[in-house]
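Here are my notes on this one, point by point. Have the coordinates open while you read.

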Amino acid sequence: MTREETADPSAVQVSKATKERRPRPRGHVMVFGMWCKGCGLCIEFCPQEVFEANGQGRPVVVHEEKCTACHWCDTHCPDMAITVRRLDAEEIAELEELAELAEQGALPAGEDL
C-alpha cells in the first residue's frame, strides 16, 4: 500500500495547504489592584500564562498578546478584581501595527505616548 492509498477507501485526505489556522480571539485584561488580595488563582491557572506575580504576589499582566479571552480568570477571581474584554478585528490589527512599529523603533520611548 502506498502513502496515497488508505486502508479506508471512504477516508478523505486533507492537504496541509488547505489546513489554515483560524486566527484566535484576543482579549484585553485589566486587574484592579485595590480589589485583589493576591490569592494567585489567575497566575496559577491561566491557560495562556498571561499573568506573573509582582513582588507582593499579586497578578501583573505581562503577556496580554497571549490572552484568548477565555474568561477563566475573571470568572474564577474571588475578588472580582479582573475584567476581560474580547477585542474586535480592527483593534487587533491596530495592536499588531503598533507592535511592528515598536520593533522598528518608530515609536517614542517612555511616557511620550
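1. Ground rules first. Helices (H or I, at least four residues) and strands (E, at least two) are DSSP runs, numbered from the N terminus. We're looking at a predicted model, where local features need pLDDT of at least 70 and side-chain atom pairs count only at pLDDT 80 or more, while totals for chains, interfaces and linings use all residues. Residues are numbered from 1 along each chain as its sequence is written, and side-chain values use heavy atoms, with hydrogens and water left out.

2. The overall layout. The protein has three helices and four strands, and they come in the order β-α-β-β-α-β-α along the sequence. Accessible areas come from the Shrake-Rupley method with a 1.4 Å probe, and for residues only the protein chains shown count as cover. On that basis the accessible surface is about 9,100 Å², with 53% belonging to carbon and sulfur atoms.

3. Burial and contacts. I'm using buried for under 20% relative accessible area, exposed for over 50%, and partly exposed for anything in between (1.4 Å probe, protein chains only). Of the 113 residues, 19% count as buried. Contact means heavy atoms within 4.5 Å. Among contacts between residues at least 6 apart in sequence, 52% join residues at least 24 apart.

4. Have a look at Phe51. Where does phenylalanine 51 have its place? It belongs to strand β2 (residues 51-53), and at 4% relative accessibility phenylalanine 51 is buried. Leaving aside neighbours within four places in sequence, phenylalanine 51 is in contact with a list of residues including Val29, Val31, Cys42, Ile43, Cys46, Cys73 and Ile82. Pro59, Val60, Val61 and Val62 are also among the contacts of phenylalanine 51. The C-alpha atoms of phenylalanine 51 and histidine 63 are separated by 6.7 Å, with the two residues 12 apart along the chain.

5. The loop between α1 and β2. Glutamine 48 sits here and is partly exposed, with a relative accessible area of 26%. Its C-alpha is separated by 5.9 Å from that of lysine 66, although glutamine 48 and lysine 66 are 18 residues apart along the chain. Glutamate 49 lies in the loop between α1 and β2 as well, and glutamate 49 is exposed at 55%.

6. Backbone angles I'd check. Most residues other than glycine have a negative phi. Glutamate 49, however, has a positive phi, near 55 degrees. Histidine 71 also has a positive phi, of about 70 degrees, although it is not a glycine. Histidine 71 is in the loop between β3 (59-61) and α2, and it is partly exposed, with a relative accessible area of 31%.

7. Salt bridges. The rule here is a side-chain nitrogen of Lys or Arg within 4 Å of a carboxyl oxygen of Asp or Glu. How many salt bridges does this rule give? The count comes to two. One is between the side chains of aspartate 79 and lysine 37, at 3.5 Å, N to O. Aspartate 79 is in the loop between α2 (72-76) and β4 (82-86) and lysine 37 in the loop between β1 (27-31) and α1 (41-45), so this pair ties together parts that are 42 residues apart in sequence. Aspartate 79 is partly exposed at 21%, whereas lysine 37 is exposed at 53%.

8. The other pair. Glutamate 91 and arginine 85 also meet through their side chains in a salt bridge, at 3.2 Å, N to O. Glutamate 91 is partly exposed, with 26% relative accessibility, and arginine 85 is partly exposed too, with 42%.

9. Surface charge. Patches are made of residues with over 30% relative accessible area and no salt bridge, joining like charges within 9 Å and nonpolar side chains (Val, Leu, Ile, Met, Phe, Trp, Tyr) within 5 Å. Lys and Arg count as positive and Asp and Glu as negative, with His and the chain ends not counted; the place of a charge is NZ of Lys, CZ of Arg, CG of Asp or CD of Glu. Asp88, Glu90, Glu94, Glu97, Glu100 and Glu103 form a patch of negative charge on the surface. Of these, glutamate 103 is in helix α3 (residues 89-103) and is exposed, with a relative accessible area of 71%.
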